Amino acid sequence: MPKKDFISGSRLFASRKWELILISHPKTVEEMIDCSGPIECDLLPRLIHVTEAAAIAAAYQMGRGNKSFADQVAVAAMRRMLNKLDMKGIIQIGEGERDEAPMLYIGEHVGTGKGNLEVDIAVDPLEGTNLTADGGPGSVAVMAMAERGGIFHGPDIYMDKIVVGPDVVRYEEEHPDEKIDLDAPVRYNLEIVAKALDRSIEELVVVVLDRPRHAQKITEIREAGARVKLISDGDLMPGVSTAIRGSGVHMVMGAGGSGEAVLTAAAIKILGGKILARLVLPTVANGKSQDKVDKEIEEKMPRLEKMGITLQNINDVLDTNKLVPGNDVIFSASAVTPGHFLREVNLFGSGDARVHTISMGASGSVRFTDSIYIKDKRETPLYL
């Protein structure tokens, strides 16, 4: 064969070889990246910086006993970083109503206003203010975003909830007559989770906020045979933990902040888990007298009605997609103190800091980030 023909044959063989590789090689990551929406592509990398800045600011107040100031510095840092992002953002879940919070209040507009990205935002600049003030585990800086209309616009009251992971969702799809139910007996829900995880009820761990209002629920969980992990504050990240294998958390139950429930829903939606929740007034959740319940209804219902919440629908069950109906959803949480699967902020002096973050987007991309911020590069804190 002439040399020219031999070269052509080699190139033809090489070409077909690469074609075969392109056809047979899994392109899962590429397909997931292609499915990313504009919010995930443009804002998720920056969102990590927002929660990390808030976490580091709060870390300087860790253990100082002043939860209000720790929250203030986290809020200020988060807001400064948000206002550097090219977007038109509206806070849907924030630090409270406009007359209750000076920054990151419900309805506040944030971002530079530049560009075409219009986003709804849920924030908790310091989830676990008491934990930070006391140096306890589990405090985080958290934020979620979605396209306009993609995050529940709700009041700053309580939500009674159940949170489970993707194994339970898959089990429900395979057994449509067996579904987690917010109104069902505790044992019924535990039996479904046990079957879904191929465990006995005795092997389950249920996280519950340690509050007097949960005394009966805790008793019922224990009588059913499951183990209860009581936490003093911060049930958002335990909710996320139900979707992470090896976390040791199989279920979260009980009434906590509505904002935390929405933020949990954002992460759980991305990770394939499930949350069921119902709005409940604090006086009702805590078993107060009817006079106090009536007084709270009188005080809060006018605001709730502006959000579309009435006495007729306040008891409706809200599932994952009602809490976070958006499709282009992103989430980031940076630890302040050590938690279920994130390490605490380390401060090295001179402004250097190390912070751990979990971030994720609707495409299914999840990142565990270990960031080190070096102020003086001549004295680096990096080591092997």
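Which element gives the most to the lining of the largest pocket?

Mentor: That's β3, with four residues. Before going on, bear in mind that this is a predicted model, where local features need pLDDT of at least 70, side-chain atom pairs count only at pLDDT 80 or more, and totals for chains, interfaces and linings use all residues. Residues are numbered from 1 along each chain as its sequence is written, and side-chain values use heavy atoms, with hydrogens and water left out.

Now some terms. Rolling a probe the size of a water molecule over the atoms shows where empty space is left. Here that's done on a 1 Å grid over the protein atoms alone: a cavity is a set of points where a 1.4 Å probe fits but cannot get out, while a pocket is an open set with protein on both sides within 12 Å along at least five of seven lines, and lining residues have an atom within 4 Å of a point. Points are joined across faces, edges and corners, and a volume is the space filled by probe spheres set on them. Helices (H or I, at least four residues) and strands (E, at least two) are DSSP runs, numbered from the N terminus.

Back to your pocket. The largest one holds about 750 Å³ of space. It has 32 lining residues, and D124, E127, D156, G257 and E260 lie nearest its centre. Two or more lining residues come from each of α4 (67-82), β3 (118-127), α5 (129-134), β8 (251-257) and α10 (258-271). By class, the lining has nine nonpolar, eleven polar and twelve charged residues; Ala, Val, Leu, Ile, Met, Phe, Trp, Tyr, Cys and Pro count as nonpolar, Asp, Glu, Lys and Arg as charged, and the others, Gly among them, as polar. Domain 1 (31-150 + 327-371) and domain 2 (156-321) both give residues to this lining, so the pocket lies between them. Those bounds come from an automatic or database domain assignment.

For context, the second largest pocket has a volume of about 250 Å³. Of its 15 lining residues, D167, L197, T242, R245 and H250 are the closest to its centre. Helix α6 (residues 166-174) gives the largest share of that lining, three residues. Its classes come to six nonpolar, six polar and three charged.
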